[in-house]
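Morning, everyone. I have one structure to show today, and two topics. Here it is.

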Amino acid sequence: MTSFVRRLAAPPPGWTINADVIVVGSGIAGLTAALELRAKVDRVLVVTKGELSSGSTVWAQGGIAAALHPEDTPDEHLQDTLVAGAGLCSESAVRTLVTEGPDRVRELVGRGANFDTGPDGGITLTREGGHMRDRIAHAGGDATGAEISRALIAQLAAVENDPGIEVIEHAMVVDLLTAAPDGDGRPGPVCGVTLHIIGEGSRDGVGAALAKSVILATGGIGQVFRSSTNPASATGDGLAAALRAGAAIADLEFVQFHPTVLWQGSAARGQQPLISEAVRGEGAHLLNATGERFMVDRHALAELAPRDVVSKGIVAMMEDEGSENVFLDCRHLGSTFVKERFPTIWERLQERGIDMGRDLIPVAPAQHYHSGGILTDLRGRSTQAGLYAIGEAACTGVHGANRLASNSLLEGLVFASRAAADAAGAVAGGVVTQREPVERSGPPALVPATARPQIQSAAHRGAGPVRTAAGLERAIDRLATLRAKFRADALRTATPQTAEWETSNILAVASVLAAVALERDETRGGHLREDFPETDDERWRMRLAATLGPDGELSLMRAPLDLG
């Protein structure tokens, strides 16, 4: 396999700033970490690729899961999560999530998040696929993420004049900075980031931000695929940068394809509108071309089965029928109810000429969530000193092979608080000090943005919802050819800029994803191997982690489910 690069081609930094801790990302995880850190260290820097409100959190429709009902318990939430995770969850991570989660949600309310409430003033709880109890708190019907984002940004805005915190918007992290190696050939501790101001920021060009620790909360990898519910900014930047810096990334093969994404034709690309699982939670049915409910005979929970089960059921039905979509039927729920319960979805469908209360909604699976990421322990610490990861960019082990609905926002809350506490404690205790960055060895690379459709096509065909060895091998070969082509000589045809750096990251993530998906010759959760349809606990009840060696060679290793 063609080796990977350990740095991207970029101009040398033209300016430098300093902080105790840098937080990259402005979703629920990044904003929570920043707010927690502000009270514990002298200087926090928050960096986001767009505006503060541009993170993936704002798109979350369904809600946030927590055992808030008096009759619900953390143990029940744990069991539901373990079942959805298909035997690959870290039980210690899940137990941390479900026991600390309710308090973190209450703290979120204390920070101004307004969840929907009932006549008694208590938070209204509903149910989604894989949950055996009503435990999903939502806001604005189907605008939970937007409300949480609003509340956290308002909290941050309230302290924007605090000299101890700085926010840089419209800034992309090009690479992590690392200190001199400690003698084992691996990069040294992470000691900052290089930043490119995209065009509307407070500084120009590329600069260096130095810190004692960096927390990555950069979201998912949606744009690795042709069609995704993720925002356009979800280009796997954090994963790729962590890989280049020497950190291990794990569980990349477990990609969740949301079952019910609005089907807009085979030419549709980029971010696609999803129809929240909560719609099925309220009683909507999935129908095939002959108007029959096809999930009833496939799983005891029918349309409320875990997402991977529903996605597989839809893909199988489309193959049986030779169709490109199935249908979601809300008509029996009534126009008044669905319009009030799902105002955002209602409006988006109305814009496309679809009336939820009267029309069948064409849907098909599309990439939605990534269960893998930068391998971390229970405090958000990666395998690389000085680097933390939280939210969708992290692999905490909470989700295992398949995320349980609405656990992602909770994971962002819980592990952001833990990472912030650990990072702040390390600064206060003098455990970490500011190190000087050094240039990592090897040639840089730059992939022209024009190559993105080729990369996405290879990823979709080889590592999409249904995978085979032959398809994955073709994808690996194609992606390796592209990596070999776009090394330092690509500077002759491409200029270092945002689209090129993003495309470079997409290529790196797609390449590792295809490699680990080929290695895991079983079907489990979000990893469906048509040539290996069974789950093999004897061989594969572990996680695959990937790292880069000193020369950029990719190494796969087996890691335990619980890292502590």
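I'll take a sheet and its helices, then a pocket.

One caution before that: this is a predicted model.

Start with the sheet. It is open, with 5 strands in the order E1-E10-E9-E8-E22. The pairing is mixed. Which strands stand at the edges? They are E1, residues 16-18, and E22, residues 437-438. Each has a single partner strand, so one side of each has no neighbour in the sheet.

Now look at E8 and E9. E8 covers residues 171-179, and E9 covers residues 190-197. They pair in the antiparallel sense, over 7 bridges. To find your place, take Leu177: its bridge partner in E9 is Gly192.

Two helices to point out here. H5, residues 237-245, packs on the sheet and touches E8 and E9. Its direction makes about 20° with that of E8. H13, residues 498-519, also packs on the sheet.

On to the second largest pocket. It holds about 670 Å³ of space. How many residues line it? The count is 28. Nearest its centre lie Arg226, Trp263, Pro365, His460 and Pro465.

Which elements give two or more residues to that lining? Strands E14 (255-262) and E18 (361-370), and helices H7 (307-321) and H11 (452-463). E18 gives the largest share, with 4 residues. By class, the lining has 13 nonpolar, 9 polar and 6 charged residues.

That's the tour. Thanks.

Technical notes
Residues numbered from 1 in each chain as written. Predicted model: local features only at pLDDT ≥ 70, side-chain atom pairs only at ≥ 80, totals over all residues. Heavy atoms only, no water. 1 Å grid on protein atoms, 1.4 Å probe; cavity = no way out; pocket = protein on both sides within 12 Å on 5 of 7 lines; lining within 4 Å. Points joined across faces, edges and corners; volume = space filled by probe spheres on them. Nonpolar A, V, L, I, M, F, W, Y, C, P; charged D, E, K, R; others polar. Pairing = 2+ DSSP bridges. Contact = heavy atoms within 4.5 Å. Axes fitted to C-alpha atoms, helices over the stretch in contact; angles between N-to-C directions.
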